[in-house]
Amino acid sequence: MIDTACSLLGCGIDPHVELPQEDYEGPPPRWCPGCGDHGVLAATQRLLHDERLAPERTVFVSGIGCSSRFPHHIRTYGFHGIHGRALPIATGVKLMRPDLAVFAVMGDGDCTSIGAGHWVHAVRYNLDMVALMLDNNIYGLTKNQTSPTTPQGHPSNTQPRGSWLPALNPLSVTLGITNASFVAQTADWVPGHVYATLQAAFRHPGFAFVRILQRCPKWTPGVFRAPAQQMALTEILVHEDGVVEPEVEQYYKTHVAHDPSDLDHARHLAEESDKVRIGLFYKNAANARYEETRRVPVHTAEDKIRLLEAEFDRHAV
Amino acid sequence: MPTHVSAPTGPAEAGHDTGRIPLHGLVELAEHTLEVVSDAGEGAQKCGQGFGALSARMGNGSWTVEIIPAEIQPPPRTPGSASGVRIRIGTREVTNWGDAAGLVIAFNEQVLLSRHRLDALADDAVILLEKRWGESDDPAVLAEWKAALEELSSKPYRIVLVPLEEQTLTVVDNPLHGKNMFALGVLCRIYDRDLDRAREQILRQFKKKSRDVQQANVRLLELGASWAKENLDFQIRVPPGPEKGPMVVMNGNEAVGMGAIASGMELCAMYPITPATSVSHYLGDVFERFGGIVHQAEDEIAAAGVAVGASFAGKVAFTVTSGPGLALKTEFLGLAVMTETPLVVVDVQRGGPSTGLPTKVEQADLLAVLFGQPGDAPKVVLAPATIEECFHCMITARRLAEALRAVVVVLTDANLATGVTPFPRPVPQPDWQATAPDGAPVAQGGKPYQWDPETGLSTRFVPGQPGGMFTATGLCHDEKSAVTYAPHVHQKGCTMRSRKLAALQSTLQPPDVVGPDSGDLLVVGWGSTKGAIEEACERARAEGLSVSSTHLTFLSPLQPGLRAIFERFRRVMTVEINYSDRVGDPFITSENRRMGQLAWLLRAQLLVDVDCWTRVMGEPLRPGQILAGIRAKFGKGADS
């Protein structure tokens, strides 16, 4: 029988696991060359290896879209669900099996549009899991339709004269949700930072929301061109409690000092949406985790029968 | 002394359904139907439920059903504010709410009017009516009273005025907290209930209240009983049936919740929706003690998703909903079918489409459940016919979901959800319960969809099992769960998922036929209508009509042997609470007639010319109504 309690080391972690990184790799992805998803996948596979995650005790859940093919390329358990609904599935997995390491992988359409309601509530539930939102500012798989994060004025097949509305700001939304526990942003063109962010997210006890700015060479090649090409335009949030990656901080010289326990400052930084800022915006490990508050006793079948007989007594004629 | 405001009706005789009440003395009846109605918040439901439970404890069959206003606190003294309970008690088991009530206690004339207008009262019903409104100083109230009594005079009811409030005020200051217990006392006297048991019951009902409140309610019970003894000239005795062994009493939603517990399921993900929500009220109260969680999700879709995710990772989970919620869950049900993730869905049906009749019964989700998903999405569909079956169905559903890696939908309805009846106390078995996934390693080469080519069955891999890692996907996939759009792969996947239903059908039994196994007419039903259908058919046979009935528990797959049964009858007709056109209405012909949902299904599946008789009145079918429909098929009398 499976012990559904999480080890002290962390869910899914098995110190005896010593698998080569290749053992975490599933069949190779078929994303476009130059797609930002490749780098995020590689960083994730490295994380699983470095953190000694047992593949059988790790679950990747995704929605629908380019990035939601993620679980197919990782050798753990996976659930490639339906559009916008990665978070409810991941919630069910974690509620039923707190012992598992759970990752939810979504695109911007998944998370901020069709599944936006789940996003708000998953943040509030604060289950211990990592939620990755790979944000390329466009619907890719369905071939170039405007998403909520598409920059205003950017043309697409559904809004050929440019997106009508200002882009939704996923960071400020997440930071506005009651019980937010971990909110970070990283960018696929800074691989070391992606890895360090994933690691911080995984090690955080609670719902870790990571928005990954992700280039789509096919439909939105321009949206992240400037910050990806000019290092000074990618600002790094620095703090000893934040995402710490000295090498990145050495090359990317625009630093913003930010204490991730300072929610007001986090919101202020996130609101300035003309800046590309990566790092840990907010962290609060003290918030109650839903799988802990909902923990229930484990009973044998015989226990349950005894309790059920008492229940029948209550309804006896 | 009570004031008789209508002329006494003719001589008493024991009628089949309501049982006529004599003017004097004690009458013994095999069964009787009564109602308690008040404004919302005046406690008629507590009175009626208490009376039903007391009758069950005294060995009667009983069925109580709530009369629910649409609003929480509708304006008082309006027909729309009627809140209460109908109770049908019998010597035999009572399986449905009956026809018209033979006795009613009404807390004002307006709520009484609503029952009158709904034809809920027998022509010769005895009405015990609160008298104070007829003595009101308010001319508007007095005018309403007079108009109401004028309207009621169209039927030969026997109206007895009762000083409900006046008497109650001799015990408590606030009549709102007491009239109902006085009324219970009146009923106890009329129906010759054991007052000691009634006292016990009140103490049980008010166990969370102070001793003063308990004592006041007991005094009101006694006062009501003694008032009735002094002022009413009749009594009704419905003798208890033979000793039945240990019984439990509950409503269908509690039975669903208890069945879920007994099945070993440990996660119920839901979103509030009438009339399903009370399953979660019940489970919310007790489930944690059993190691279970009720997760109230942010919406219906998420509730389905959480259940799917939980099932994927461990023991089968379930979700509880009603029509509009079912519609929202559609895509997730398709995903569960495609990924062969076991899932139990309880749909407590209500009137539709859209928001429809939230608190009222209908059986109109059958085809939506069967065909609601895009693509082919075979699933198991079960319909409990009784409150007892609501309990046992959940155990079957859990087991089938797991054994078949399938979605199992349990179709109950508002009639079962709110009906309360005693049934034999279940004896829980350890093997009813789901076992936890064992975490055993998967053998080298094991595939997550290693379909048995005969049955389509395969072994589920659960996270925690080394070597079993796979990615479940809603995309077309092969036995390894690898995504592929190769032509034969989709054909095979669909075949295997469908084959599971045929394999299940091969293990099922044909349904029983109640009545002669051949004849002129076979009535086919499903779900909560069973009791009313069987009663109607029994009465039809007593009139010399050649009618039998059969009732389907499995709607998908259908039970085997149906065609052979149908061929033994000249005509086959479903009786259902969903919409069908009536031949003879404008434009309606036998070719374009839209049929009842089971009729539609049976015609398509069996190529039998199945007729249907259906009603969508927002209430359970009455046996007398079905009987009229049956008679009409024989050319005897007008349809109801």
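In this predicted model, W526(B) has L552(B), in strand 20 of chain B, as its bridge partner. Strands (E, at least two residues) and helices (H or I, at least four residues) are DSSP runs numbered from the N terminus. Residues are numbered from 1 along each chain as its sequence is written, and local features need pLDDT of at least 70.

Strand 20 (residues 547–552) of chain B runs parallel to strand 19 of chain B, and six bridges join them. Two strands count as paired if DSSP finds at least two bridges between them. Strand 19 of chain B also pairs with strand 22 (residues 569–576) of chain B, in the parallel sense and over five bridges; here T574(B), in strand 22, is the bridge partner of V524(B). Of the eight residues in strand 19 (residues 519–526) of chain B, seven are buried, that is, under 20% relative accessible area with a 1.4 Å probe and protein chains only.

These pairings belong to an open sheet of five strands of chain B, in the order 18-20-19-22-23 with mixed pairing. Strand 18 (513–514) and strand 23 (611–614) of chain B are the edge strands, each pairing on one side only. Helix 19 (residues 623–633) of chain B packs on the sheet, touching strands 19, 20, 22 and 23 of chain B, where contact means heavy atoms within 4.5 Å.

Technical notes. Chains lettered and ligands numbered in written order. Predicted model: local features only at pLDDT ≥ 70, side-chain atom pairs only at ≥ 80, totals over all residues. Heavy atoms only, no water. Buried < 20%, exposed > 50% of the residue type's maximum accessible area, 1.4 Å probe, protein only. Axes fitted to C-alpha atoms, helices over the stretch in contact; angles between N-to-C directions.
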